[in-house]
Amino acid sequence: MACALCADIGTSSLKTAVIDQNGKVLAYSRQRFGNTSDTNSSDSVAKEWLPALKASMDEIFTDGSLNVDAICISGNGPTLVSCSGHTLLWNQKIPESDSALSGTAGKSLFIPRLMAYKKLHADEWNASQYIFSGPEFLIYSLTGNAVTILPEERYTQAYWNEDTLKEAGFSQEDISKIPPFARPSSLAGRVNASVESFLSHTQNNIKEGLPVYCGAPDFIAALIGSNTLKPGLLCDRAGSSEGINLCTDKPLSAPGVRTLPSVIPGLWNASVLIPDSGIRFSEYKKRFEEASGFSVGYSELVDAAISSDGSQAILDQGKYLMLQIAMQVRDGIQTLLSLAGNEGQPLPSCLTLTGGQAQSDGFTQMKSSVTGMEIKVLQCNDAELLGDAVLAFCGMGIYSDIQTAAEKIQHVSKVFAPGGDLG
């Protein structure tokens, strides 16, 4: 049975899992960044990605019972990293003058950030052989090969080509720093000897020559892992922010709806974003802990707030906040379904929920009841890791295409129907 070590680079942590070709999660680890004195700022967070991968393997490979046949990596973007690990994270603000591009270059998500990196960190730009797009830096650290993962050909305008880079004022020398495109699931390289010695652990087989496959930007990896890859399939990717995503066979256009190409040629993904749903609940959790004087787990707080009988104002605030978020999800679903119906698109019968919010049965049941939709929760809440597994096994030739692999690897663990008890 083939197994892959799947890694997804988040803003604050690295998540890893060993997943077999049938989608079973055999081991899981999460390593938070900022644990060493020289990598405790966002400017240098990429320097901690390889040590975090080593720490995760030390946790996963404890008894020698697990072996892996490949590695696949996804991560956040549009993040930029130099060869030294100097980082411009996707959420760091850049000068408005760099964002205000016109023409074809103005459609790119990356070119304004490349311009800002060159301006703000000129020494790093000039000294670095390459400027990487986020997770590709970890691939480079493992293999010594430089690539840029392009999700699908239609994403070129959201990235760059030589003409748009020249239009934005980059020289040929600048352009040579940007690695060539590679597709998801393609072989990025193999673990090299120098990194093997760093990762070496008596209980694992991460050895020189182990293949490393291209994953995808975390957004794309999550859509693959949730199997949102056919028209009429709907998912809610819910973490710090939240995106309601509907697969269609034609682009949908309306205020508040973002449509991007699917990783599947000819298909599209229409989404409604709730940029701060998870952040709002995290802020509420801090207020609760300050008011109560003790720490509480996420699920315990959700359950307590949902069950609130009105006697504790702080719990009532949490219940009201979750209802607000659930109603925003409902509104987003209704927007997408209305647009899809007007365009003759297939309509979903259920929703797949992924991300941190899927850990709470109570919140998931609330969303189901408020939205009126059946909600499915996967065996692995981190759909990005499942997406990496899909891409690894496609790259290895175990599955012929992404859609076939996603259907095989995705497993539903729980189903929530509308009308359940909200407490």
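In the predicted model, helix H3, which spans residues 111–120, is mostly covered, with seven of its ten residues buried. The buried positions of H3 are Ile111, Pro112, Arg113, Leu114, Met115, Ala116 and Tyr117. Across the protein, the mean pLDDT is 90, and 94% of the residues reach 70 or more. Over residues 36–40, however, the pLDDT is below 50, and this stretch has seven contacts in the model beyond near neighbours in sequence.

The charged side chains were examined next. Side chains of opposite charge can pair when their charged atoms come close, and in this model the count comes to 15 salt bridges. In general, an α-helix has 3.6 residues a turn, so residues three or four places apart point the same way. Glu162 counts as partly exposed, at 38% relative accessibility, and Lys166 is likewise partly exposed, with a relative accessible area of 44%.

A salt bridge is also formed by the side chains of Asp236 and Lys367, again with an N to O distance of 3.1 Å. This pair links distant parts of the chain, since Asp236 lies in strand E12 (residues 234–238) and Lys367 in helix H13 (residues 361–371), 131 residues apart. Asp236 has a relative accessible area of 1% and is therefore buried, the cut-off being under 20%.

The relative accessible area of Asp331 is 36%, which places the residue in the partly exposed class, while Arg330 counts as partly exposed at 25% relative accessibility. Elsewhere, salt bridges that share partners join Asp218, Arg237 and Glu384 into one network.

Several features of the backbone were also identified. Gly77 and Pro78 are joined by a cis peptide bond, for which omega is about 0 degrees. Pro78 itself lies in the loop that runs between strand E4 (70–75) and strand E5 (80–82).

Positive phi values in residues other than glycine are found at positions including Ser185, where phi is near 80 degrees. Ser185 is placed in the loop between strand E9 (181–182) and strand E10 (187–190), and this residue is buried, with a relative accessible area of 8%. Asn227, although not a glycine, has a positive phi of about 60 degrees. The loop that holds Asn227 runs between helix H9 (218–225) and strand E12, and Asn227 is buried, with a relative accessible area of 12%.

Key:
Residues are numbered from 1 along each chain as its sequence is written. Side-chain values use heavy atoms; hydrogens and water are left out. A salt bridge is a side-chain nitrogen of Lys or Arg within 4 Å of a carboxyl oxygen of Asp or Glu. Buried means under 20% relative accessible area, exposed over 50%, partly exposed in between (1.4 Å probe, protein chains only). Helices (H or I, at least four residues) and strands (E, at least two) are DSSP runs, numbered from the N terminus. pLDDT is the predictor's confidence in each residue, from 0 to 100. Contact means heavy atoms within 4.5 Å.
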